[in-house]
Amino acid sequence: MGVSWVFEAEQTAKSVERILEGIGAELMGQFQVDVIPYNPATPSTDYATNIVMHHSKCPQSTFSICPKTDFRVSPKAVCDRGFDLILGKLAGGLVIDNAGKIEINGNEYNIHSDWTVRVGTATQGTTVKGVVVEVEYDPTVIIVQCREMMAEFIKQVFNKYHETQPEIFKITEKPERYSTLDTMWQYLQIAAKLRKKT
Amino acid sequence: MESGSASPSSPEPIVIDEGPEKPPSILAPRKGVDLVLEANDDWKIQEIGFDGVEKYLKPETFTDQVGKLARRVEWMKLVGSSTPYENAKIDQTEELDDEGVPSRKGEKGGTNVELVTPEAGPWSSVAKYLHESLSQLNVLLDDLSVMKNTDYMKALTVLDPITIAEPTPEHIQTMRGTQWIWKRRALQEAVQVLDIAQKQRQQALRNLGLSVDYIAHLQRTKFFEELKEMREIWRVRKTGDYVYGDLSYHIFGWKYDTPNLFDISRRSLSNKFETSDLSIIEVSVPKDLARRSMLVVKIVKDDIESGDLFRDPKSNDYAYSYKEVDAEKVKALHWKDSLKWAQNTLLLRDTFNTLCKDAIKLRNRLSIIRDNVLLIRLFDDYLLRFELQWFPFEAGQIHEEGDIYLNRVLREMIIGFECTKFVRPQFFCSMPITHLPESLDLRGCGGFDARQIADRAVTPRSILDRMLDMAAHRALVNMMTEVAELMCGSSVDPTIQYKWLHCGRNYSKMMFQVVSKDYDLYLSGHRMHHTFFASVSSDGITIETKDGMLIKCDRDSARVLYACQYCVCIYQVSMFAMVCRNQWITPFQTLYSNVYALDDKGNPAPNILLCNQAATRSILFKFHVGRDPEILVRRFVVNEKTAKPEEHPWKKLSYRKLYGATFCKKVDALLSFLRDC
């Protein structure tokens, strides 16, 4: 459990991996994240789409967020994997949108045991949409403690993506805990952007 | 017949019975044409008889016409072959077509009636017979009425007395013979009946008036009662004619496994109504379980002298052979005993197998298995020994060997393991009502990552693992008790008492209290150094003092003893300080004291330095662990400039030679002696 910063990289996954191996990263294994939208059966104003996500870091959990205008007002939930089966039964109200499903597959690296960097290729169906990088700092779960350090880390390693901090980093003032749902919100935002891309 | 002009060639038609016509007048001279009036429709002549009578073909009347047409109608097609004659239910409103035949409109209308022959019920044959008999009665009645009305008919009885012949004398002779035969037969029957009665009476005499049937009934009842009693403890099942039970002890899992079954049969007791000690139920036990067994646990030391850790292979005490089992002898035992012993054997055999399997899996511990003995390393030189012993399948007391506590603990664990479900089933639990503003924010389980899941997973420890811990703890507890006994027994002054504060399976705590006789009044102040503790875990012993000092002694009994004695030294220091606080009798000032002091060899030696009120004498006490304290006295050096330390050396005093029986008394005496000098 740690604080994660997810961003889209404008380079190939291979080049990112080379950079990481250059700074002494150790390949730990594979990871997979998927973002699946569930649309209401009949389009209506009352019900919005619900996004269901999985992360291989939490193998027994399913994350569900119904994205509204703001992070704080969006209904979010963490559940066990049985949630997907329950949603299957609710096909009358929410229909799975396999076309809009985005999968991010790639490698996971560990740097000096505190940092975990996951580099993955985002694909929607068979088309590759982009490369997504997740940087996780393990020792702390308090955002205000480590956001500056994380920005510095990314600046040092990539020298590019450190300016746009994730929303949760910017809006948190008090020492609040970071949870995996916040990571999934970042993935959700990035997936929405990738879907719009061709 | 056509009317018209009369033709001279054809004979004049003669008309009979038809229509008004003028009678023929042959005489009158006529002028004109002869006219004859005839009907248009004349009946055709069928034939003319020889007497001149003409038979005419009568034309069809309306009835004939209807009949002809009716014959042409195919009634079976209309009505159907299966319908009854009485068609009372036919709809009255059916319209008739031109032929005058009611047409069928089968499916029309809501009042569709299915014409179904009523089923013959179970009473149909009875009805038939009744009907027949009633019709016969009707016939009879008719006959009777006919006979009554006619004069020449007379009813005769069936048995006509006229035909019965009078018995002739020959007949009477033969009748006598037959009578004799009949009488003899009757007598024989009577003899038979009396025979049966005689036999019953004899049996009744034997069985106290109860018949064989009744005894059989009693035995049956007894059998079922005992079977019910058996069912309270054992699982019993019946398949076809076989009644059998299950010896397996599992609560969750397969039951009625073939190797673990026992048969139940009724013992054939004699028909005498005797009360016998034998139960009416006989059970057969599987041959490999037909022995009594015991699982013995012991802690043994592995050294030069322990050559007999394993059983002597030549000894036959615990040897067992399948061929020796006598099934009849097994059946002769009472089922309560034999089933209990057999199940115990099964349980212990399975447990021993599990222990051996677990022992093989434990890589960090060496173990040896031979015959029925499992030896596994406990710690240092000690081994834990499990032995599965067998005894003959007979009643009698079995001598329990080994460490009884460990035997009991093992037994309890075996049963506990059987009763525990190690996989926790999933269930739904209700979440508390949340007052968060984002009421749909179900953070719920939090999304654990793989590492956290692995940390929280419960890994069940095997029986062997737990036994090893418990046995190690047991060994250490025994050692601690020995040390405590040694110390408390040997120490007269001060008096040391010990007691167990907490005794558990894996952790125990002992408390030591040090008391000085006659100086209890001094205890009113701090009691800190008067008690110290020893905590025993599975790994080692730790001596703790009340001020938080922990002395780790692992598994070394000498170290434990040393640590306890060291704590006693600390106590002596504090007692000394307490004694010299007495204002009136022995007022001395404590100048310096250090419980962590070491002597010149580096061993702990608490010391205390005092001086008297007049500042003339100083005393130094050094408490060595396990030895008498060292006492040094000298003139008090007030000013190093005026009095050189070399001129005032420390004088050693012998502790033993001090006046007083106990330490405190000696101290008291010494202080009072040195108070004013």
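Predicted model: local features only at pLDDT ≥ 70, side-chain atom pairs only at ≥ 80, totals over all residues.
Guide: Residues are numbered from 1 along each chain as its sequence is written, chains are lettered from A and ligands numbered from 1 in the order in which they are written, and side-chain values use heavy atoms, leaving out hydrogens and water.

Visitor: Why is the contact of B:R555 with B:D380 called a salt bridge?

Guide: A salt bridge is a side-chain nitrogen of Lys or Arg within 4 Å of a carboxyl oxygen of Asp or Glu. The closest N and O atoms of B:R555 and B:D380 are 3.3 Å apart, so the pair meets that definition. The two residues are 175 residues apart and link distant parts of the chain: B:R555 is in the loop between β15 (550-554) and α11 (557-579) of chain B, and B:D380 is in the loop between β9 (373-379) and β10 (382-391).

Visitor: What makes B:R555 and B:D380 buried, exposed or partly exposed?

Guide: Buried means under 20% relative accessible area, exposed means over 50%, and partly exposed is in between, with a 1.4 Å probe and protein chains only. B:R555 has 28% relative accessibility, so it counts as partly exposed. B:D380, at 43%, therefore counts as partly exposed too.

Visitor: Why is B:L141 called exposed?

Guide: B:L141 has a relative accessible area of 51%, so it counts as exposed. Its place is in helix α3 (residues 124-149) of chain B. Helices (H or I, at least four residues) and strands (E, at least two) are DSSP runs, numbered from the N terminus.

Visitor: What makes the nonpolar surface patch that includes B:L141?

Guide: Patches are made of residues with over 30% relative accessible area and no salt bridge; like charges are joined within 9 Å, and nonpolar side chains (Val, Leu, Ile, Met, Phe, Trp, Tyr) within 5 Å. Here B:W123, B:V126, B:L130, B:L134, B:L137, B:L140, B:L141 and B:L144 make a patch of about 820 Å². Accessible areas come from the Shrake-Rupley method with a 1.4 Å probe; for residues, only the protein chains shown count as cover.

Visitor: What does chain A consist of in secondary structure, and where is A:T127?

Guide: Chain A comes to five helices and nine strands. Along the sequence these follow the pattern β-α-β-β-β-β-α-β-β-β-β-α-α-α. A:T127 lies in strand β9 (residues 127-137) of chain A. With a relative accessible area of 43%, A:T127 is partly exposed. Of the 198 residues of chain A, 53% count as buried.
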